Every structure is written in structure tokens, then in C-alpha cells.
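Work through the exercises below with the model open beside you, and try each task before reading its solution.

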Amino acid sequence: MLFLQLPLLLALLPGGNSVDGFQEPISFQIMWSFLFYNRSWVQNAGSGWLGELQTHGWDSSSDTIIYRWPWSKGNLSNEQLMELQNFFRMNLIAFVQGHHDHASQWQLEYPFEVQVAGGCELHVGEASVGFIQVAYQGSESLSFQNNSWVPAPEGGRRAQQVSSLLNYYEVAREETCNMLSDTCPCFLLGLLDAGKADLQRQVRPEAWLSPGPDPGPGRLMLGCHVSGFYPKPIWVVWMRGEQEQQGAQRSDVLPNADGTWYLRSSLDVEASEASGLSCRVRHSSLGGQDIILYWDPQSSVGWIVLAVIVPLVLLIALAFWLRKRWTHCELLSGLIPLE
Ligand SMILES: *[C@@H]1O[C@H](CO)[C@@H](O)[C@H](O)[C@H]1NC(C)=O
């Protein structure tokens, strides 16, 4: 398994175990997926994640770690990182070979996919929690809990066989346990420390209003868009005066390409009640000064006017242009005798 035997990640804590200034809980995990096409063809992809931020990749053509950020090495030396890379190389080979070797015993049918996710989660004032989960063909197969491998109920006989095989190697199991409970949280704290400037940055959101899809006669869908903010937690509500309006639909918080976030809050209202409503945005980057945008009934009329006028103007322009061309052609044909 990927996480067996990793005594090399003996990173030192950067002063205490506080995770000040970070959203909790915060986790570091490694994900790996393997697509076994047949006995001679296996594709794998690996990545490392600090919370929802990808910090590491794996270049499977050269079997090397990809560092996504200047601080992705955390507090590890280059030598430790080389050892780590070798550890992954060796375990990848063993993992793939182990599956081929046990294919008939475990009734693995090519093509199949195996996914592994493992790491640790930190809560302030509590011991860190380590985890490893393994899925076969997209459903949970086994997990590592309290120093041993546990088959998932949906994993059936296969999961039981794999678990008992893995549990048989006691030393490896203890090392896995140490890695999850010591090494991983140390590396995580090292990352948080090294990446502080990026991870604790504050980016102010842009906000704007626009009408959403027509909800039906006599009604309006008001959309409040908030984009480009970091970190992720944000508060967006529709208000009338000081009163929060119920029934707003909040979209998922979606990632922008630059690592910032986007959110939309939509409110379905009687058209006559739209004016006087405002969208209020509160975010840590705004220093207590909420963004407040008032719904302007003109703005929706404005959109409709624009939607009618623009095509109309284009049509008229086209008509003029065609007329001109036509006259031009007539002139030409008048000049050239076509006999
Ligand atoms: C294994 O699968 C790959 C990809 O589908 C294919 O190109 C290759 O021919 C297969 N090899 C064998 C031995 O079946």
C-alpha cells in the first residue's frame, strides 16, 4: 500500500501545534487512482491536497512529484523529498504487481479501477485524525481505522480477503499508523507554515446583480453574483431594509481558475416587490464593510429594452447596407452593357 513504511517524513513542528488563522478542520491528503486495463497496461494518477487546494501532482511518465506551489515542499529537505519520491515509486510498483498477482484470487475483472485516498485532519485542541480509504470500481472497499484495515460491508468477500492479508503484516501496519498520526500532521503543519502568505491571503469579492431565468408571469428572479473572493467562507443574503429575506437559493461555491471562489444567490419574487430589495455580502476581506447592492427595477427593464433594441438596430443597419449594395449593383449593371 502507498502509505506503508514512511519513516523518512520525520518533519519537525514549526513551533507548537496551533493552526491559527486557518479554517478548521484542515486536512492534507494524497489521492491516487489506478486504472487496470489489462495485465500489461495500468494508468495511474496521483495528487496531494491541502484542504481543497491541490498542492502536489505526480508525473507518471517520469515517476516524480510535481510541486504546485513554491511552498509545496513544506519543511522537508530535498533529500527527504527524494526519499519520499522513491518510496512512492517502489510502492506504486508493489501496489500494481500485487493486484495483478492476486487478480484471480480476489476475482478482479479487467478493466477495473482502484482509488486510494489517505491523509490526516487537524482539529485545534484535539489529536489529529488519520484515514485511508480504498475504493474498487467506485465503491468503498476498505479503510484503515485504529491501527488496522477494516473491510467495508459493500466490499464483500474481496474486501475481507484484502483486509486480512494487509492486517497480517504487523510492522507495516504500525508504520502506517505512525505515518498517519505523526508524519502527516507534521507535514501538514509545515505546509501551513511555509504557505502562510498564499493560504492566508485576503481577496475582495466583486459583486453584481442581474435578472435570472424568467420564473413565470408576474415574477422576477433576482441574481446576486459574488466572484473572486478568498478564502471560501462568505455570507450573502437578500435584504429588505434590515430584514433578511427567506427562500433565496444559494449556488454551490464554485472555483475560479485563479484559486478564488464564485457564488450566486437567487431570489424569486413578485415583480412588484423587487424594488427596495438589496443583496448584502459579508467577507473577511472587506474589513467589516459589507457590500450592499440595491435592486434597481430599471435594470431589468434596461435588459429587456437592450434585448429588443440591439437586434432592431442591427436589422435596420443590415437593411440599409443591403439597399446600398443593391443600388451599387444597379449602377454597375447600368454602366456595363450586358449584350
Ligand atoms: C492492454 O490495453 C491497452 C489499452 O486498452 C491496449 O492498447 C493493449 O493492446 C492491451 N494489451 C493486451 C496484452 O491486451
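**Exercise 1.** Is Cys186 buried or exposed, and what is its relative accessible area?

Solution. This is a predicted model, in which local features need pLDDT of at least 70 and side-chain atom pairs count only at pLDDT 80 or more, while totals for chains, interfaces and linings use all residues. Residues are numbered from 1 along each chain as its sequence is written, and side-chain values use heavy atoms, with hydrogens and water left out. The class buried means under 20% relative accessible area, exposed means over 50%, and partly exposed lies in between, for a 1.4 Å probe and protein chains only. With a relative accessible area of 16%, Cys186 is therefore buried. Cys186 takes part in no disulfide, the nearest cysteine sulfur being that of Cys120, 8.9 Å away; a disulfide is here a pair of cysteine sulfur atoms within 2.5 Å.

**Exercise 2.** Determine which parts of the chain the disulfide of Cys120 ties together.

Solution. Begin with the bond itself, which joins Cys120 to Cys184 with an S to S distance of 2.0 Å. Helices (H or I, at least four residues) and strands (E, at least two) are DSSP runs, numbered from the N terminus. The torsion about this S-S bond is about -80°, so the disulfide is left-handed. Finally, check accessibility: Cys120 is buried at 0%, and Cys184 counts as buried at 10%.

**Exercise 3.** In what order do the strands of the eight-stranded open sheet follow one another, and which strands stand at its edges?

Solution. The order is E4-E3-E2-E1-E5-E6-E7-E8, with antiparallel pairing, where two strands pair if DSSP finds at least two bridges between them. Strand E4 (64-67) and strand E8 (148-151) stand at the edges, and each has a single partner strand, so one side of each is left without a neighbour in the sheet. Within the sheet, 11 bridges join E1 (residues 26-38) to E5 (residues 112-122), and Ser27 has Glu121 in E5 as its bridge partner.
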